[in-house]
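Visitor: Hi, could you walk me through this model? I'd like to start with how the chains meet.
Guide: Happy to, let's bring it up.

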Amino acid sequence: MAGQNPALTSDLAEGTTTLGPIIGVLFDGFAYGMLLFLLSVGLSVTLGMMNFVNLAHCAFAMLGGYVTVTLVHRFGWPFLATLPVSFLAAAVMSVALERTLYRKLYRASELDQVLLTIGLAFMSIASAAYIFGTVLQPAVTPAWLRGSVVYFGINFGVYRLFLVAVGLAVTLVLVLTLEYTRFGQQVRAAVDNQRMARGLGINVDGTFAVAFALGSGLAGLGGSLAIEIVGLDPSFALIYLVYVLIVVSVGGLGSIWGSFVAAVLIGVSDIAGKYYVPQFGAFMIYFVMIVLLMWRPQGLFGKR
Amino acid sequence: MTALATRNVNKSFGQLQVARDISIAIPKGERYALIGPNGAGKTTLINLMTGMIKPSSGQILLEGEDITALHPDARVKRGLVRTFQINTLFPNLSALEAVTLAICERTGDASTWWKAVPSYRDNADEAYAILKSLRLGDHAYRTTRELAYGQQRLLEIALALATRPKVLLLDEPAAGVPPEESSELFSVIADLSQDITVLFIEHDMNVVFRFASRIIVMVGGAILLEGTPKEISTDPRVREVYLGGAHHG
Amino acid sequence: MSAPSLTPHDYLHAQVRWHPLEYIFWLATILPFFLFPNYLSLASQIAITALFALSLDLILGYAGIVSLGHAAFFGVGAYTAGIISKYGYGDPLFGLVVAALLTGLFGFATSFIIARFKHLALIMITLGLGFLVHELANAAHWLTGGADGLQGIKIGKLLGIYEFDLWGRTAYVYSLVMLFLIFLLVRRLTNSPFGLALRGIRENSVRMPAIGAPSDAHIRKVYTMSAAIAGIAGALLAQTTSTVSLGVIDFQRSADVLVMLVLGGAGMLYGGLIGAVIFMVARDQFSGINPQYWYFWIGLLLVGTVMLLPNGILGGLSHLYRMLMGRRST
């Protein structure tokens with residue numbers, strides 16, 4: 001079952017000071033949160049723009065993961081080089097699906113969207129199982145990203161540091177794009193009020209298509225980066241979908257900051273929960289989500 | 001006796017203020033028109049009155065009673081009812097079913113799950129009578145989505161009438177209806193009992209002058225002025241709002 | 001359309017009258033005794049799943065609540081019946097009553113949360129609640145047996161006379177009768193003013209408060225009833241198979257019942273029943289195939305249903321029927 005992967009909390013065991021475990025938990029939680037952020041931000045923005053419930057989102061992530069696995073193990077590519085490719089592969093696949101199926105359902109009921117995208121997710125899981133088998137894929141991390149470094153007597157996993165760096169870099173790029181580019185302004189206008197944006201002459205459909213491709217690409221990137229942290233097998237598409245949905249609904253639709261804060265919150269809650277109260281560890285995030293949604297149904301940063 | 005009043009109602013969405021210090025008082029049985037340019041906040045005011053939005057400050061009073069804290073459905077039960085500018089109907093229910101539903105909700109029968117709808121003969125008769133009075137009798141059994149646009153606008157009003165309103169708020173009742181058909185619609189409204197107080201939002205000045213006893217002009221979320229049709233038609237400020245390009249919001 | 005010769009009363013009666021096909025359907029449920037005597041265990045499973053699908057139809061097809069976690073109620077019902085049987089309360093009918101009451105209470109409690117949400121938040125809450133309950137069942141293995149399943153279930157004889165035999169005869173009679181009786185209740189409900197109100201909520205939740213409808217109260221009521229029915233279905237499963245595992249409460253079960261309902265067509269009562277029949281029979285027939293591939297076809301079926309048959313098989317058939325018969329005013 002998801003999240004019981006020892007890789008998640010292995011570094012914590014090596015804490016060398018009494019403060020170690022707490023910092024360690026926070027750090028691991030933050031790193032996990034960065035991963036969740038990459039996986040979730042695309043869905044949050046596209047949901048906020050078009051209200052299209054895409055439950056196949058994590059299937060795109062899974063695709064990215066399998067692309068990396070194939071390139072590294074079958075073709076001997078270096079890990080880092082595979083990352084842009086998995087981004088692209090996921091983006092291209094999402095465009096193909098958007099053109100053929102998704103755009104017919106923009107005005108359809110939520111239920112129809114849920115069913116269509118769950119159906120696609122099922123199909124992708126079955127296909128992955130057929131092609132790659134159901135086993136956990138072997139690690140793809142290069143040697144220089146393994147191990148840990150010690151700062152202030154606390155162990156920090158090198159890969160997790162890498163993850164944090166990538167997460168923060170992507171966040172920066174996204175925030176800058178949103179604030180300072182015309183594309184970003186169009187996205188913000190469309191999230192704010194789609195009808196008004198159309199009225200102002202913004203090509204909402206086109207903007208959405210690009211945002212959708214980018215968001216799916218980021219998910220693909222997230223899928224590749226997730227291999228080392230949580231492992232990759234065909235069930236990834238559904239198991240991590242749940243986490244992503246929690247992040248998105250807690251963070252609020254259409255909000256990058258919302259996804260960021262929620263992802264960190266969920267990441268830390270999950271790790272902390274599993275570390276401190278292992279019998280109820282899996283509970284934590286569902287409980288947090290329900291409580292948060294009851295307090296603010298539109299999410300932390302959602303509109304209205 | 002004042003049927004509907006608002007006292008210093010304000011509403012802001014963050015920086016955007018959509019209602020500024022709105023205070024009006026509509027006496028019972030009157031026909032008031034609410035006019036103003038697009039974006040003036042007329043529909044927002046109706047949303048505030050009916051409880052779909054909560055005011056940032058101020059009160060809503062129905063027949064003297066403060067209803068500001070009441071849920072929308074509770075206000076309907078007390079007689080404050082509105083229709084929507086864009087048809088907000090039940091696409092797959094027939095016209096008769098829709099009106100019967102509204103009546104059952106009014107009588108409290110909608111909570112009963114063990115008796116079939118046909119056994120509520122009185123409710124069905126009343127529903128049919130309302131439809132007939134709106135000239136929808138022939139279309140009573142047709143699904144709402146099959147009705148022509150003009151007929152759907154009439155169904156909007158039928159649903160409101162089924163609740164036996166004391167105060168009726170009509171949001172552009174003839175929106176999108178061609179002029180030939182809208183006169184029929186307005187004759188229905190004109191025939192409404194004098195016990196019902198009506199406030200309607202309208203853009204067509206001919207209609208406004210024909211049916212309204214008083215007019216309220218809203219601009220930029222605030223009341224500009226209020227007066228008889230004669231006063232309003234000669235007021236220079238109103239001319240400016242409509243012709244002089246005073247763009248707000 | 002010229003002036004109708006139908007009075008409003010005739011019209012409304014026509015909406016609730018039993019259609020000949022319905023009689024045929026229920027008569028057909030007796031066939032397995034004669035045609036498939038070796039498959040009565042499967043038949044009782046189908047009847048139980050059909051009841052579960054019916055409970056989901058009440059909230060999804062009629063009130064428009066998309067729930068991805070309905071198995072929570074099914075599971076609570078199953079575990080309740082199983083657990084009390086361990087302590088000497090093995091009488092099936094008694095177990096049903098207790099399961100219905102407990103699950104109904106649980107449903108009532110959660111309905112307060114459910115009624116407050118719409119759209120994505122609602123879907124998420126139902127998903128979260130489903131997972132939460134699953135984790136609870138997993139963690140509380142002193143009560144539920146956890147991942148090992150519930151041990152020591154002792155189901156008594158039905159009405160004190162009929163034992164649950166290996167051929168499934170008692171099981172099928174039991175499940176079928178419960179399905180039919182509850183179906184009658186649900187049918188009555190959907191034909192009542194309350195049923196009309198539910199349809200109103202599904203058709204346009206904004207309009208409902210505007211006609212004075214207490215939507216939240218309506219939703220709480222139907223959700224509680226739906227939970228109780230799902231609980232009864234779960235209890236039936238526990239009693240007819242004498243096993244309860246985490247599978248009664250997991251996401252797979254919630255997803256499967258949703259697929260069945262959508263396949264058959266939501267909002268028509270029979271859609272869930274027919275969907276359950278088709279799904280379970282197909283799964284039984286193709287049980288040899290790798291489970292992954294099964295889910296490929298289910299996925300394809302879902303995509304196909306959404307794109308081509310939005311009202312499911314039943315919706316498609318009735319559309320076809322209406323087209324062939326030409327337009328008639330009831």
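**How the chains meet**

Guide: Of the two pairs of chains in contact, chains B and C share the most contacts. Two residues are in contact if their C-beta atoms, placed from the backbone, lie within 7 Å. This is a predicted model, where local features need pLDDT of at least 70, side-chain atom pairs count only at pLDDT 80 or more, and totals for chains, interfaces and linings use all residues. Residues are numbered from 1 along each chain as its sequence is written, while chains are lettered from A and ligands numbered from 1 in the order in which they are written.

Visitor: How many residues of chain B are in contact with chain C?
Guide: 40 residues of chain B are in contact with 33 residues of chain C. On the chain B side, α2 (72-77), α3 (95-107) and α4 (121-133) each supply at least two residues, and α3(B) gives the most, with seven. Helices here are DSSP runs (H or I, at least four residues), as strands are (E, at least two), numbered from the N terminus.

Visitor: And what classes do those chain B residues divide into?
Guide: They divide into 23 nonpolar, six polar and 11 charged. Ala, Val, Leu, Ile, Met, Phe, Trp, Tyr, Cys and Pro count as nonpolar, Asp, Glu, Lys and Arg as charged, and the others, Gly among them, as polar.

Visitor: What about chain C with chain A?
Guide: There, 29 residues of chain C are in contact with 33 residues of chain A. On the chain C side, α7 (119-139) and α15 (291-308) are the elements that give two or more residues, and α7(C) has the largest share, 12 residues. By class, the chain C side has 23 nonpolar, four polar and two charged residues.

Visitor: How far apart are the closest C-alpha atoms of chains A and B?
Guide: They lie 9 Å apart, and no contact joins chain A and chain B.

Visitor: Switching topic: what's the domain assignment of chain B?
Guide: It gives domain 1 (1-79 + 166-249) and domain 2 (86-164), with bounds from an automatic or database domain assignment. Their C-alpha centres lie 26 Å apart. Nine residues of domain 1 of chain B are in contact with eight of domain 2.

Visitor: Which helix gives the most to the domain 1 side?
Guide: Helix α6 (residues 179-190) of chain B, with three residues. That side of domain 1 divides into seven nonpolar residues, one polar and one charged.

Visitor: Over in chain A, at what angle do helices α2 and α9 cross?
Guide: The axes of α2 (residues 57-75) and α9 (residues 236-251) of chain A come within 8 Å and cross at roughly 125°. That makes α2(A) oblique to α9(A). Angles under 35 degrees count as roughly parallel, over 145 as roughly antiparallel, 65 to 115 as roughly perpendicular and the rest as oblique. Axes are lines fitted to C-alpha atoms, for helices over the stretch in contact, and angles run from 0 to 180 degrees between N-to-C directions.

Visitor: Which residues make the contact?
Guide: Among them are His57(A), Cys58(A) and Met62(A) of α2(A), and Phe236(A), Tyr240(A) and Leu241(A) of α9(A). The contact has nine nonpolar, two polar and no charged residues.

Visitor: Last one: what is the mean pLDDT of chain A?
Guide: It is 85, and 92% of chain A's residues reach 70 or more; pLDDT is the predictor's confidence in each residue, from 0 to 100. Over residues 1-17 of chain A pLDDT stays under 50. For chain B the mean is 90, with 97% of its residues at 70 or more.
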